[in-house]
Amino acid sequence: MPQSMSKRRIGRAVAAAIAVAAAVTAPVTAHAAPAAPSVTEKLRDDFNGDGYADLAVAAPAATVDGEKGAGYVAVVYGSKNGLNVTTRQVLSQSTAGVPGSPEVDDAFGSALTTADLDRDGYADLVVGVGREDTADGGTESGLVEVLWGGPKGLSGAAVLATGKAYDGLGGQGHLTVGDVNGDGAEDLVTVENQFNLRVLNGPFSRDGSSDRGEQVVRDEFDSRVLDLATGDLNGDGVTDVAATENDGDEFDARRVVYWLGGEQGLAPYTTVQGRDGYRLQGGENLDVGDIDQDGFDDIVVGRAVTGYDSDLDTPPPRAAGSPGYRAAPTEPTAPGPRTSTRTAPACPVPPRGATASGRTSRSPTSTATVTRTW
């Protein structure tokens with residue numbers, strides 16, 4: 001599995017987990033410690049440190065111990081011959097050492113991402129439990145947990161953050177990681193109250209705590225974050241955060257925004273504009289990576305659904321490969337070390353009035369937008 005496939009964040013509708021996890025009750029497979037990795041740079045998704053990328057697939061709507069929608073995550077470890085299904089792990093809140101217990105509609109695995117949060121040389125798996133009811137947060141406050149990597153794979157876990165009532169912390173599309181303050185440690189970025197960014201500064205101890213504090217970047221508008229990704233958009237060596245959003249009362253009123261990282265953390269967001277001076281139309285999911293290999297990460301936006309609001313004139317999004325759009329507000333410095341993430345397409349949450357399938361009387365279309373930064 002290529003090194004660029006660094007982020008494993010899979011949405012609610014992923015059914016592929018069934019192919020790698022025969023049942024939720026399947027035993028966790030113990031496997032011998034692999035040889036020390038020979039690669040110079042650690043892979044972001046190498047949980048056992050053998051130099052091969054591993055795969056994590058979420059099934060947040062799955063039934064666990066009879067609890068419908070409790071959710072689980074299936075992990076398959078990589079090898080020189082590709083994915084080795086004999087090393088499968090099925091992890092849920094019924095797994096020993098994982099905080100919490102499986103309950104109806106907890107949605108364990110509503111978001112996934114990977115990073116070495118404790119800087120021990122092994123990638124860790126960060127799991128969102130977006131509909132968890134927590135003792136300190138309340139109903140559907142949401143929960144973010146980490147499953148720790150090590151020489152024998154994932155084992156042990158800790159709570160990283162909980163939200164407030166109905167925050168849905170760690171929900172679909174609301175979880176990513178990156179060094180947004182340039183101190184060399186990975187920071188956790190999630191969303192509270194659907195639109196404010198919440199940044200927990202790393203590194204993290206094995207109990208999930210951090211003494212670096214946190215930052216809340218508030219949104220002055222009634223926005224809804226649909227998806228997050230991280231990368232270095234202006235080439236300064238510090239991780240930035242990009243998102244696709246929509247208005248709270250208009251699903252089709254979408255935009256692409258980004259927050260530049262810096263020594264003080266994330267700056268207020270900037271809206272990406274097209275050459276016509278108006279904001280670039282967004283979509284349901286996005287990713288960040290250096291598409292044209294110029295040393296600066298670009299934003300790629302996927303739009304699988306359109307036409308929810310018949311009263312809203314929705315311009316078509318620009319096709320992949322269209323002319324680039326400048327996202328850096330100042331002339332960039334020479335490119336430095338970059339962090340990039342890759343996400344799987346997320347399934348948008350249907351707006352009020354839409355059917356369960358997300359379809360209305362207007363036919364959805366699938367397009368992609370490439371936003372280039374330099």
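Gln215 counts as buried, because its relative accessibility is 19% and buried means under 20% relative accessible area, with exposed over 50% and partly exposed in between (1.4 Å probe, protein chains only). The model is a predicted one, in which local features need pLDDT of at least 70 and side-chain atom pairs count only at pLDDT 80 or more, while totals for chains, interfaces and linings use all residues. Residues are numbered from 1 along each chain as its sequence is written, and side-chain values use heavy atoms, with hydrogens and water left out.

Gln215 belongs to strand 11, which covers residues 214–217. Here helices (H or I, at least four residues) and strands (E, at least two) are DSSP runs, numbered from the N terminus. What does Gln215 contact, apart from its neighbours within four places in sequence? The residues in question are Leu197, Arg198, Val199, Gln264, Gly265 and Leu266, where contact means heavy atoms within 4.5 Å.

Strand 10 (residues 196–200) pairs with strand 11 in the antiparallel sense over four bridges, and two strands are said to pair if DSSP finds at least two bridges between them. Within this pairing, Val199 has Gln215 as its bridge partner in strand 11. In general, strands of a sheet pair through backbone hydrogen bonds, either parallel or antiparallel.

The next part to consider is an open sheet of four strands in the order 12-13-14-15, with antiparallel pairing. Strand 12 (223–231) and strand 15 (270–271) are at its edges; each has a single partner strand, so one side of each is left without a neighbour in the sheet. Strand 12 is joined by eight bridges to strand 13 (residues 240–247), and the two run antiparallel. Along this pair, Leu228 stands opposite Ala243 in strand 13, and the bridge partner of Gly231 in strand 13 is Asp240. Strand 13 is mostly covered, with seven of its eight residues buried. On to strand 14 (residues 250–259), strand 13 pairs in the antiparallel sense over seven bridges. A hairpin of two residues joins strand 13 to strand 14, and Asp247 has Glu250 as its bridge partner in strand 14.

A further open sheet of four strands has the order 4-5-6-7, again with antiparallel pairing. Strand 4 and strand 7 (157–162) stand at the edges, and each has a single partner strand, so one side of each is left without a neighbour in the sheet. From one strand to the next the twist averages 25 degrees, where axes are lines fitted to C-alpha atoms, for helices over the stretch in contact, and angles run from 0 to 180 degrees between N-to-C directions. Six bridges connect strand 4 and strand 5, which run antiparallel; Ala111 stands opposite Gly128 in strand 5.

The largest nonpolar core has 18 residues, of which Phe47, Val73, Val75, Leu125, Leu147 and Leu154 touch the most other members. Two or more residues each come from strand 1 (55–59), strand 2 (72–79), strand 4 (108–115), strand 5 (124–129) and strand 6 (143–147). A second, separate core has 16 residues, including Val146, Leu175, Val177 and Phe204.

Asp290 lies between strand 16 (285–289) and strand 17 (298–303). Its side chain reaches the backbone nitrogen of Gln293 at 2.9 Å, and a polar atom of the Asp290 side chain lies 3.1 Å from the backbone nitrogen of Asp294.

Finally, the chain as a whole may be considered. Its secondary structure comes to one helix and 18 strands. Of its 374 residues, 55% count as buried.

Note on methods
A nonpolar core is a set of buried Ala, Val, Leu, Ile, Met, Phe, Trp, Tyr and Cys residues joined through side-chain atoms within 4.5 Å. A polar contact is a pair of N or O atoms within 3.5 Å; within protein, one must be able to donate a hydrogen and the other to accept it, and residues adjacent in sequence count only if both atoms are side-chain atoms.
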